[in-house]
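Subject: Structure for your review

Dear colleague,

Please find below the structure that I am handing over to you. I would be grateful if you could read the notes that come after it.

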Amino acid sequence: MGVDRATGTSSGTSSGRAEWQTVDMADRLAPLGEHRYSLTSTWTGNSGTGTSGYREYRRDVTLEVDGKPDILASADKPFRGDPSRWNPEDLLLASLSQCHLLSYLHACVTAGVVVVSYRDTASGMMRDDGRGGGAFVEVMLRPEVVVADASMIEAAERAHAQANAWCFIANSMNFPVRHEASVRAQQS
């Protein structure tokens with residue numbers, strides 16, 4: 001018996017004849033879990049004349065999530081932003097790095113690997129499209145991992161592939177998220 005995803009019907013052969021029954025596709029294809037997120041972005045860069053001219057306003061933004069410290073943000077410096085504040089490109093890179101890190105720690109726990117240190121020096125490349133827009137074309141994560149014992153190195157290296165498969169953020173991207181990981185054992 002199979003389900004036709006286009007029609008939402010199920011077919012089979014019982015007693016030599018075809019039987020059809022309607023299948024509630026909402027139940028059959030329901031996600032295992034949904035998580036919703038919300039935040040408030042408030043522009044704080046009005047210098048007194050609003051957006052009366054391209055150079056007349058600051059790109060300052062405050063990002064707020066209930067119960068968490070505010071993030072002071074801006075555009076990237078080439079787009080007239082404040083380089084002392086987080087920009088959207090920084091935040092995207094941080095999201096990918098942190099998601100991989102957290103997914104990796106979980107993968108290591110399930111593989112019996114004890115991680116004692118993890119540091120990632122991630123980088124990304126965004127390409128302008130020549131029409132005022134652009135897109136990221138690649139992110140490279142470079143995790144440096146220290147495990148408790150040399151016998152764990154091979155499993156720790158394999159755990160990066162599992163972490164990549166589990167990372168919700170990487171799975172949401174339309175560009176490659178690559179990894180150049182190094183794993184070593186803790187010094188005694």
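Residues are numbered from 1 along each chain as its sequence is written, and side-chain values use heavy atoms, with hydrogens and water left out.

Confidence

The protein chain has an average pLDDT (the predictor's confidence in each residue, from 0 to 100) of 85, and 84% of the residues score at least 70. Confidence is highest in β10, at 98, and lowest in strand β1 (residues 2–4), at a mean of 34. Helices (H or I, at least four residues) and strands (E, at least two) are DSSP runs, numbered from the N terminus. The pLDDT is below 50 over residues 1–28, a stretch with 30 contacts in the model beyond near neighbours in sequence; contact means heavy atoms within 4.5 Å. Where pLDDT is low, the predicted coordinates should not be read in detail.

Sheet and helices

An open sheet of three strands has the order β7-β10-β12, with mixed pairing; two strands pair if DSSP finds at least two bridges between them. Its edge strands, β7 and β12, each pair on one side only. From one strand to the next, the twist averages 15 degrees. Five bridges join β7 and β10 in the antiparallel sense, and Ser117 has Val146 in β10 as its bridge partner.

Helix α2 lies across β7, β10 and β12 and runs at about 160 degrees to β7. Helix α3 also packs on the sheet, touching β7, β10 and β12, and its direction makes about 155 degrees with that of β12. For these angles, axes are lines fitted to C-alpha atoms, for helices over the stretch in contact, and angles run from 0 to 180 degrees between N-to-C directions.

Helix α3 (residues 153–166) has 14 residues and reaches 20 Å from its first C-alpha to its last. That is close to the 20 Å expected at 1.5 Å a residue, where the expected span is 1.5 Å times one less than the number of residues. Ala155, Ala156, Ala159, His160 and Ala163 are the buried residues of α3; buried means under 20% relative accessible area, exposed over 50%, partly exposed in between (1.4 Å probe, protein chains only). These buried residues pack against α2 (88–111), β7 (115–120), β10 (143–147) and β12 (182–185).

Cores

A nonpolar core is a set of buried Ala, Val, Leu, Ile, Met, Phe, Trp, Tyr and Cys residues joined through side-chain atoms within 4.5 Å. The largest has 13 residues, of which Tyr104, Val113, Val145, Val147, Ala156 and Val183 touch the most other members. At least two residues of this core come from each of α2, β10 and α3, and α3 supplies the largest share, four residues. Apart from this core lies another, of ten residues, including Cys99, Phe136, Val139 and Ala170.

Hairpin and loop

Strands β8 (residues 123–128) and β9 (residues 134–141) run antiparallel and are joined by six bridges. Gly124 stands opposite Val139 in β9. Five residues separate the two strands of this hairpin, and Gly130 in the turn has a positive phi of about 80 degrees.

Asp76 is in the loop between β6 (71–73) and α2. Asp76 counts as partly exposed because its relative accessibility is 26%. Leaving aside neighbours within four places in sequence, Asp76 is in contact with Gly81, Asn87 and Glu89.

Yours sincerely
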